[in-house]
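Hi everyone, thanks for coming. Let me put the structure up on the screen.

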Amino acid sequence: MQFGIFTIADITPDPMTGKVPTENERLRNMIEMGRLAEQVGLDVFAIGEHHNPPFVTSSPTTTLAYLGAQTERIILSTATTLITTNDPVKIAEDYAMLQHLTGGRVDLVMGRGNTGPVYPWFGQDIRKGIEIAIENYDLLRRLWTEDVVNWEGQFRTPLQQFTSTPRPLDGVAPFVWHGSIRSPQIAEQAAYYGDGFLHNNIFWPMSHTKQMVQLYRERYEHYGHGKAHQAYVGLGGQAFMRKNSQDAWNEFRPYFDNAPVYGGGPSMEDFTAQTPLTVGSPEQVVERYLTMADHVGDYQRQMFLMDHAGLPQKTVLEQIELLGTEVVPVLRRELEARKPADVPEAPTHAGRVAAAEAERGAFDDSYRFETGDNWTGLRAEDARR
């Protein structure tokens with residue numbers, strides 16, 4: 001099972017000091033978080049994509065590439081990549097490039113996005129968000145799996161004899177998780193392709209999460225990818241910890257009460273009871289998150305949001321260290337012990353390359369992709385004749 005953290009890189013005032021980080025500070029803080037996440041043994045670091053204030057994550061690939069050069073092991077992911085307002089051609093190129101530069105330490109969470117004005121900024125209509133997501137992802141898969149693509153659709157110009165470069169590393173595209181909170185069509189899409197489904201349930205009751213994951217699992221089996229319990233599931237999460245539980249409640253309360261996403265809503269007591277947000281000791285976080293599989297089945301990825309609501313960087317780093325040293329080792333041990341042998345491991349590039357090799361036989365080291373000339377359609381050796 002993989003454990004990690006994700007950030008949406010919001011710029012929120014610290015309610016205790018009034019300090020507002022600059023964009024530069026926030027971006028550099030994210031890189032520091034990613035480096036620490038690897039150091040304390042976490043598996044995944046993911047960043048969201050937004051194109052509006054108060055967020056500073058408009059270019060995930062740039063940020064992840066910069067972090068990738070400073071890390072060696074951690075998987076670099078998104079939370080999410082906007083499949084609706086990005087051109088599938090650019091997604092195919094950018095993330096294959098990131099694959100090569102990081103040795104395959106890349107996967108993606110595809111999502112439609114939840115900010116209405118972004119759609120027209122990029123020439124799209126939010127009322128057609130589901131249709132765009134379905135068409136764009138179908139094209140993206142073809143760009144990664146077919147060397148030369150001829151394609152025509154509704155939402156972008158046609159492609160003729162197009163080759164996306166670079167080709168995916170080792171002939172294996174990045175693994176894709178489909179992120180959705182409330183759209184059954186996206187759960188269906190994930191199941192159809194045999195991809196992962198990540199339900200970022202940080203604002204939702206477990207009853208809703210269970211329903212969405214169950215739908216995905218049933219459809220995954222329906223499409224012949226394996227048994228329902230073998231489908232790839234990821235969850236979101238939130239925690240704030242101190243050694244003493246009451247200290248955690250006292251320290252986090254002003255951040256909760258004043259955060260734009262919480263303020264004026266349920267009390268912190270009600271919110272922690274109804275959602276995965278857990279405020280308390282590391283032991284209490286362990287106890288809470290050991291129960292998640294009771295609701296959704298054995299799953300492959302658990303992500304935590306740790307840096308929101310204006311929390312100062314020093315506090316965020318303390319939270320990541322507690323998560324990596326006191327929470328995750330226990331969760332990893334306990335959840336692994338209870339997992340049935342036929343539930344697949346979390347996807348990695350190495351594991352997917354090995355599976356692809358086994359499927360097609362011995363891997364041919366001599367193979368090198370060579371595109372045809374876009375004007376003549378000839379390969380280099382043909383042109384020399």
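First, the ground rules. This is a predicted model, where local features need pLDDT of at least 70, side-chain atom pairs count only at pLDDT 80 or more, and totals for chains, interfaces and linings use all residues. Residues are numbered from 1 along each chain as its sequence is written, and side-chain values use heavy atoms, with hydrogens and water left out.

So, the helix pair. Look at helix H3, residues 88-102, and helix H5, residues 129-145: their axes come within 9 Å and cross at roughly 45°. (Helices are DSSP runs of H or I with at least four residues, strands are E runs of at least two, and both are numbered from the N terminus; axes are lines fitted to C-alpha atoms, for helices over the stretch in contact, and angles run from 0 to 180 degrees between N-to-C directions.) Which residues make the contact, meaning heavy atoms within 4.5 Å? On H3 we have Pro88, Val89, Ile91, Ala92, Tyr95 and Ala96, and on H5 there are Asn136, Leu139, Leu140, Leu143 and Trp144.

Now the pocket. A pocket here is an open set of points on a 1 Å grid over the protein atoms alone, where a 1.4 Å probe fits, with protein on both sides within 12 Å along at least five of seven lines; lining residues have an atom within 4 Å of a point. The second largest pocket is lined by 21 residues, and Arg141, Val172, Arg352, Ala356 and Glu359 lie nearest its centre. H5, strand E8 (175-179) and helix H13 (349-360) each give two or more residues to that lining. H13 gives the most, with six. The second largest pocket has a volume of about 630 Å³, that is, the space filled by probe spheres set on grid points joined across faces, edges and corners.

Conventions:
Contact means heavy atoms within 4.5 Å.
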